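I opened the notebook with the chain on screen. These entries keep to what I looked up.

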Amino acid sequence: RHTDAKHSLRTYLLVNISVIAFVSLMAVVLFRNIAERRKAEEHLQRYSDRMERALFRAKDVLDSIATPPCVIPFFCVSPVYRTMRSAGGGDIIKWLRFRSRYAAIYIHDVAGHDIEEILLNILATSLVDIYKSNPAKKSVSAPSVLLNEMNEHLRKYCDGTPDYLTATYMLMDFEERKIKLAGGGHPRPWLINPDGTFRQIDISGYFLGQFEITPHGPDRFSDVTLELEPGQILLLYSDGLMEQRDGDGETFEAKFRNKIAAKLGGMEPRDAYNVVKTEFEAHIGSSVPDDDVSFIFVGVHPTDKYETARFTPSRELISVIAEQRTGNGGKPATRRLDAGEPSQSSAEISGYPAINALSEPYVPIIDKLRKEGWPENRVNLVEVVLQEILLNAIIHGNLYSDRAWIELSHILHSGVLEISIADEGIGFDSAILPQSIDDGLLKESGRGHHMISGISDSLYFNDAGNRCWALFRKDGQ
């Protein structure tokens, strides 16, 4: 019995020790798993925080890409309405400026979410800048050409993925006063007439990134040309606008067709924008839009409000300018001086008696600005620009000719002054003008252009270089 008791005690002790060892081991494993899990969760949280910061940083990038419109000749543009449901923000409205007589609006909607959406967003908007012009031909790309080039590039990126985008590209020509449009799977723009009638513009085309499209085939992207009349406005938008439903299930498109569009007839783009913005926000109420929403309106200035004067400088004026500029007794230069070639700047003639005679054509413009209550400092800056441009037209454009005309046209509309000056010269390539001090701004010639571009809110040249447009906002912002 004593032996059995000792055996039982030994067995009991071994079992308890084994249980304690097992429990201790399990506790160690459990604590280690808890520690590793906590470490993994902390790592995941740091990664999540970093991704969240990256997404919001990407949102900032996309917001910077979606630049607001600036003032341009002939065409008037509303602000951009843009709401982003996701951090990626699948909608983009991008404003494009050129050195010549064009501006453009590009709008797209990306199919995707978050990272994929962001990457395709940024890629597509960068491609617009790459393909908007043809450097070899020194020409602006037609909308159909741009979309075709973008599609070829995007196909390589989207191959094997469900990603794609829809897009509309609109090119505005200030000189011909025409619009060219092309689309790829994007909602068709609405054209609203002054009498309140409306229709959609057919810009058919496949969405971008998934199909091989032949530039000369039946499925190619094609351009539609429009000449907007005063009072007509064009609405570009993303599908999130028209597809949004209210609490009763009615789409905004139904409301737009039945109640809103007719009220927009004859409105300025900015006024139409305010109406649609108010109606849309009332439509969704306190709810969040189901999709990203973007839209913009485009119209034209009333052509009958443009005032144009054509004049020929007198021999006396030309003689004074030539004498003060060349210092050779009034004998003008015998050849044209190109931008960048050392010579006395025409800006340096400002303040001479010749300016009094030169001011006669633009005095009505200055008087009109003062009557409209423009700040005196803005009026003075406009006058400086007018002096400089007219002197450039006489000196560099018409080469001191007293037989060549100069045309001065202007319109003052909705707090914006648009000035257009043309001469009979052969023009010049505006791309050779200095853009910075490093480009030769300290040379004698070229500083006038830099001054004009610095003072005016927008400055454009036609392709020939013998017409320029300078635009000014009343508030200078």
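**Entry 1: Ser409**

I found Ser409 in strand S15, residues 406-413. Strands (E, at least two residues) and helices (H or I, at least four) are DSSP runs, numbered from the N terminus. I am working with a predicted model, where local features need pLDDT of at least 70, side-chain atom pairs count only at pLDDT 80 or more, and totals for chains, interfaces and linings use all residues. Residues are numbered from 1 along each chain as its sequence is written, and side-chain values use heavy atoms, with hydrogens and water left out.

Is Ser409 buried or exposed? I read 9% relative accessibility, so Ser409 counts as buried. Buried means under 20% relative accessible area, exposed over 50%, and partly exposed in between (1.4 Å probe, protein chains only).

Next I listed the contacts of Ser409, leaving aside neighbours within four places in sequence. They are Tyr306, Glu307, Thr308, Glu418, Ile419 and Ser420. Contact means heavy atoms within 4.5 Å. I also checked Ile419, ten residues from Ser409 along the chain: the two C-alpha atoms are separated by 5.8 Å.

**Entry 2: His301**

I placed His301 in the loop between strand S13 (293-300) and strand S14 (307-311). His301 has a relative accessible area of 7%, so this residue is buried. Which residues does His301 touch, not counting those up to four places away in sequence? I noted Ile72, Phe74, Phe75, Cys76, Pro230, Tyr306, Ile411, His413 and Glu418. Tyr306 and Glu418 are also on the list for Ser409.

**Entry 3: H5 and H6**

I turned to helix H5 (residues 252-260) and helix H6 (residues 269-284). They pack at an angle of about 130 degrees, with axes 11 Å apart. That angle makes H5 oblique to H6. Angles under 35 degrees count as roughly parallel, over 145 as roughly antiparallel, 65 to 115 as roughly perpendicular, and the rest as oblique. Axes are lines fitted to C-alpha atoms, for helices over the stretch in contact, and angles run from 0 to 180 degrees between N-to-C directions.

From H5, I see Phe252, Lys255, Phe256 and Ile260 meeting Val275, Val276, Glu279, Phe280 and His283 of H6. By class, this contact has six nonpolar, one polar and two charged residues. Ala, Val, Leu, Ile, Met, Phe, Trp, Tyr, Cys and Pro count as nonpolar, Asp, Glu, Lys and Arg as charged, and the others, Gly among them, as polar.

**Entry 4: whole chain**

I counted eleven helices and 18 strands. Of the 477 residues, 45% are buried. Among contacts between residues at least 6 apart in sequence, 71% join residues at least 24 apart.
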